[in-house]
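Colleague: Could we go through this model together, one question at a time, with the criteria spelled out as they come up?

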Amino acid sequence: MIVKVIITLKKGVLDPQGKAIQQTLIGMNFSSVKEVRQGKFFEIDINEKDETKAKSKVQEMCKKLLANLVIEDFKII
Amino acid sequence: MKSSVIIFPGSNCDRDMDVALKKFGFINQMVWHNDIDLPKSDLIVLPGGFSYGDYLRCGSIAGKSRIISSVIDFAKSGGMVMGVCNGFQILTETGLLSGVLQQNINLNFICKNVFIKINNNKNKYFENIKKNILELHIAHNEGNYFCSQDELKSIEDNDQIAATYCDQNGKINEENNPNGAIKNIAGIFNEKKNVLGMMPHPERMIDKYLSGEDGSIFFTNLLNNLK
C-alpha cells in the first residue's frame, strides 16, 4: 500500500526558501500572501497490507531518516 | 556593441562573463535584478550561478524577478538574450525557451570539460564560427535537459537545437552525454533563434592559462555577427 507523508518545518523555524517564495508571489501581485512555508511530500509504496503496520513503519522511517525532528514535524496522511 | 549582464542574488559567473565580454570588445554593463529598465543593449546575458539559492526550482524565482519582464519584452521584440547554465534554467522558467533542466541523471554535480557540436549555425550566435566542435566547461547539478515529446518534435522541426554533447570528433552518443539530457542537448534556441540557452560556459575558456580557448572563438564570432 501507499503511505503519504508531509514534512514541514516546525513553527518558528526560519524558512528562507518559503520567505523568498512569498516575496516573489507578492512581487507578482499576489499581495494578500501573508506567509509561505515550504515542506516535503513523500509517497512511500510499502509491501504491507495492514494499514496500521504500514503507517507505523513509515512513522519509524520519518523519525530515523525522512524528518529531522529538531526542526521538522511530519504528518502521515 | 553593448551588452548587459544581469546579476541575481546568488549569481556567481556574472563577473567572469563581464571579463569575457569586455575582453572581446563588448561594452558591458552590469544590471541588478531589482532594476526595472534595461540599459540599451545589443545582447543581454543571464549568467551562471545559483540565483536565489536555487529555491523552489533552479531559476524559478529569478524567472519572476523585477528585471525579467524587461528581458522578456526585449527578447520578444527580437533582442539577443543568452543564458548560460543557471541563465539557461532561468530562460526555461520564463517560458522564453521550452523544456526544463532536471537533476543530472547520475545525481552528481558535474564539473568538467566537454565537447559540444554546433547543430545550427544559421543564427547570430554561431554563424561563420570557425570551429564546429567546441571544448567548453560545464559545472552543474541540474543540466539534464528534458521536454515533452511534442515539444521535442517542435524544436527539432524548427531547428532549435543549438548544440549537443559529443566527443572530440563530433560523435554524439550516450557515452558523451554527461547529464542524461534528451538527445544530448546542451543548448537550445527559441523559435526565432534570438534567445539561446546553454549549459556549457564559454566564459570559462577565454585564455590560454585556462583549460582552453574555444570560448574565445565563440565570443569573437558573436561580436562580429552583431556588428
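Colleague: Leaving aside its neighbours within four places in sequence, with which residues is B:Asp35 in contact?
Modeller: This is a predicted model, in which local features need pLDDT of at least 70 and side-chain atom pairs count only at pLDDT 80 or more, while totals for chains, interfaces and linings use all residues. Residues are numbered from 1 along each chain as its sequence is written, and chains are lettered from A and ligands numbered from 1 in the order in which they are written. Two residues are in contact if their C-beta atoms, placed from the backbone, lie within 7 Å. Once the neighbours within four places in sequence are set aside, the contacts of B:Asp35 are B:Arg66 and B:Ile67.

Colleague: Is B:Asp35 buried, exposed or partly exposed?
Modeller: B:Asp35 sits in the loop between strand 2 and strand 3 of chain B, where helices (H or I, at least four residues) and strands (E, at least two) are DSSP runs numbered from the N terminus. A residue is buried if 20 or more other C-beta atoms lie within 10 Å of its own, exposed if 12 or fewer, and partly exposed in between, with C-beta atoms placed from the backbone. Because B:Asp35 has 15 other C-beta atoms within 10 Å, its class is partly exposed.

Colleague: How far apart in space are B:Asp35 and B:Ser65, C-alpha to C-alpha?
Modeller: In sequence, 30 residues separate B:Asp35 from B:Ser65. In space, the C-alpha to C-alpha distance between B:Asp35 and B:Ser65 is 9.2 Å.

Colleague: What is the strand order of the open sheet of 9 strands in chain B?
Modeller: Two strands pair if DSSP finds at least two bridges between them, and in this open sheet of chain B the pairing is mixed. The edge strands, each of which pairs on one side only, are strand 2 (27–32) and strand 7 (133–140) of chain B. The order of the 9 strands is 2-1-3-4-11-10-9-6-7.

Colleague: Which residue of strand 2 of chain B is the bridge partner of B:Ile6?
Modeller: Strand 1 and strand 2 of chain B run parallel and are joined by 6 bridges. With helix 1 (residues 14–23) of chain B, these strands make a right-handed β-α-β unit, the crossover being right-handed if, with the strands pointing away from the viewer, the path from the first strand over the helix to the second runs clockwise. In strand 2 of chain B, the partner of B:Ile6 is B:Val31.

Colleague: How many of the 6 residues in strand 1 of chain B are buried?
Modeller: Strand 1 (residues 2–7) of chain B also pairs with strand 3 (residues 43–46) of chain B, in the parallel sense over 3 bridges, and there B:Val5 has B:Val45 as its bridge partner. Strand 1 of chain B is mostly covered, and the number of its 6 residues that are buried is 5.

Colleague: In strand 10 of chain B, what is the bridge partner of B:Thr164?
Modeller: Strand 9 (residues 161–166) and strand 10 (residues 185–189) of chain B run antiparallel, with 3 bridges joining them. The partner of B:Thr164 in strand 10 of chain B is B:Ile185.

Colleague: What is the radius of gyration of chain B?
Modeller: Chain B has 5 helices and 11 strands. The radius of gyration is taken over C-alpha atoms, and the globule rule is 2.2 Å times the number of residues to the power 0.38. For 227 residues the rule gives 17 Å, and chain B is close to this, so it is as compact as a globular protein of that length, with a radius of gyration of 16 Å.

Colleague: What radius of gyration does chain A have?
Modeller: From the N terminus on, the elements of chain A run β-α-β-α-β, and its C-alpha atoms fill a box of roughly 45 × 25 × 15 Å along the principal axes. A compact globule of 77 residues would have a radius of gyration near 11 Å, but the value for chain A is 16 Å.
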